[in-house]
Amino acid sequence: MSPLKDADVVARGRAYLESLAGRRVAVVGLGKSGLAAARLLQTAGARVIASDQKTLAALGADARGLLALGVTLLVGGSHPEVTQGADLVVLSPGIPLDSPLVVPARAEGIPIIGELELGWRAMEADTIAITGTNGKTTTTALTGALLAEQARPVLVGGNIGVPLAAHALTFGADGLVVCEVSSFQLETTEAFHPRVAAVLNVTPDHLDRHGSFAAYLDAKARIFLNQTSADCAVLNADDEAAAGLAGRTKLNGHVERICPLGEVFLRGAHNVENVLAATACALWTGIAPEAIRRGITRFRGVPHRIEFVRDLKGVHYYNDSKGTNVASTIKALESFSERIVLIAGGIGKGQDFTALADAARGRVLHAVVIGQDGGKIGSALARAGIPVTESVSLEGALHAARNAARPGDVVLLSPACASFDMFDNFEHRGDVFRGLVQGLA
Ligand code: UMA
């Protein structure tokens, strides 16, 4: 069978899925995205072969379920042969296009798409896509909450942790998808065409993956790739890089009053930006400003984003485990007027921590650092005159932070780093922290 041609793939929904029947499709990576993609493809009648470096035992019951469906698995180690003879390759977001797993398929000209593209093609619903270095999960969740006030069914998914491919067979064409999209996912889009595309902000992150800020910005800008003047682009005028993308969109202007700032529960100026972006996305659906106001005033935020955990003897503990880069942690620091004891560290992804140290000066009274690049953060903070304690565990870090905090202070976990050196992911890190804080006597 010939490789898939463009003409085969412009279709969405059932027609697209039918074009995959009998095709040989390779799925690379079997995390959340790969599992959902493999299941969808196999159900559509494709001949699916999937690979993951983890063993079957480590991948768990969901991967074993694929075997039962008839998917061929290549697991436990690197398997570049997975793409041999494939008509299509579906990549997990965590796997870069220059991975040795992907290079042979690219050289052969085999079409390569990501799970986001696959899931989007497999459904027909209009899509609102939200990206940005920071705030995209909060904005996506809030947009979803605002849309609960209108009649169309809503699916909140994407990078927020719900692969579109997992819902493609059941979510109807009359619905609205609110989709958090990452630069990793956008790198492998092709036909992906959100009716509303929002870029909240772009600051250096994932430079280890993209190679440069320009390449990262290019990936983000792909969100507009297939938009036309009939669609809507939402940009943050106060963010230089995001505003600079205006030239890559087709824009007009519109002003709407929604609610006073005092009605927003979320902390921090950055959350005002998130609320504005979610409002703009929701307005596109025709929902009444009054309904948006109700949704905003009720919204209490999402876990792991400056999440209030507990007041213990006048010290307020916050979990901001989703603070996985410097810009995000700076925004968290700027959200408090109280003195902060900061817990930070993890995998630094090649970031420079000078800006973090500058923002911490005068705000952070003590820092406790953990993880692979904790030492680097500690040195930057120490140069800014901030006392630093190093700890080998999150539990130890929490105890050190507790000792340093006085009534009226805030203890904030906001690592400015990825979590994979010590935890499965940022949710795991945040859950562990929350549990430890709740267990403090
Ligand atoms: N793997 C290999 N070989 C490799 C690399 C990875 O086999 O060379 C395997 C791993 O063993 C693992 C699988 O690939 O089993 C992991 O795939 P993945 O990293 O793409 O993770 P998923 O579980 O599919 O989760 C992805 C997103 N992860 C990443 O982009 C890294 C999740 O975003 C997302 O929620 C999920 O899809 C559903 O859409 C997380 C994230 O950290 C939250 N995103 C980054 C961010 O927000 O900054 C972009």
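A polar contact is a pair of N or O atoms within 3.5 Å; within protein, one atom must be able to donate a hydrogen and the other to accept it, and residues adjacent in sequence count only if both atoms are side-chain atoms. The model is predicted, with local features needing pLDDT of at least 70 and side-chain atom pairs counting only at pLDDT 80 or more, while totals for chains, interfaces and linings use all residues. Residues are numbered from 1 along each chain as its sequence is written, and side-chain values use heavy atoms, leaving out hydrogens and water.

View 1. A backbone N or O atom of Gln-53 lies 2.9 Å from an oxygen atom of the ligand, and a polar backbone atom of Gly-94 is 2.7 Å from a ligand oxygen atom.

**View 2. The ring pair of Trp-120 and Phe-192.** Rings of Phe, Tyr and Trp (its six-membered ring) pair if their centres lie within 6.5 Å, and planes under 30 degrees apart count as stacked, over 60 as edge-to-face and the rest as tilted. The structure holds 4 aromatic pairs; in one of them, the centres of Trp-120 and Phe-192 are 5.8 Å apart with planes at 80 degrees, so this pair is edge-to-face.

**View 3. The ring pair of Phe-308 and Tyr-318.** Here the ring centres of Phe-308 and Tyr-318 are 5.4 Å apart and the planes stand at 65 degrees, so the pair is edge-to-face. Ring pairs link Phe-308, Tyr-318 and Phe-336 into a cluster.
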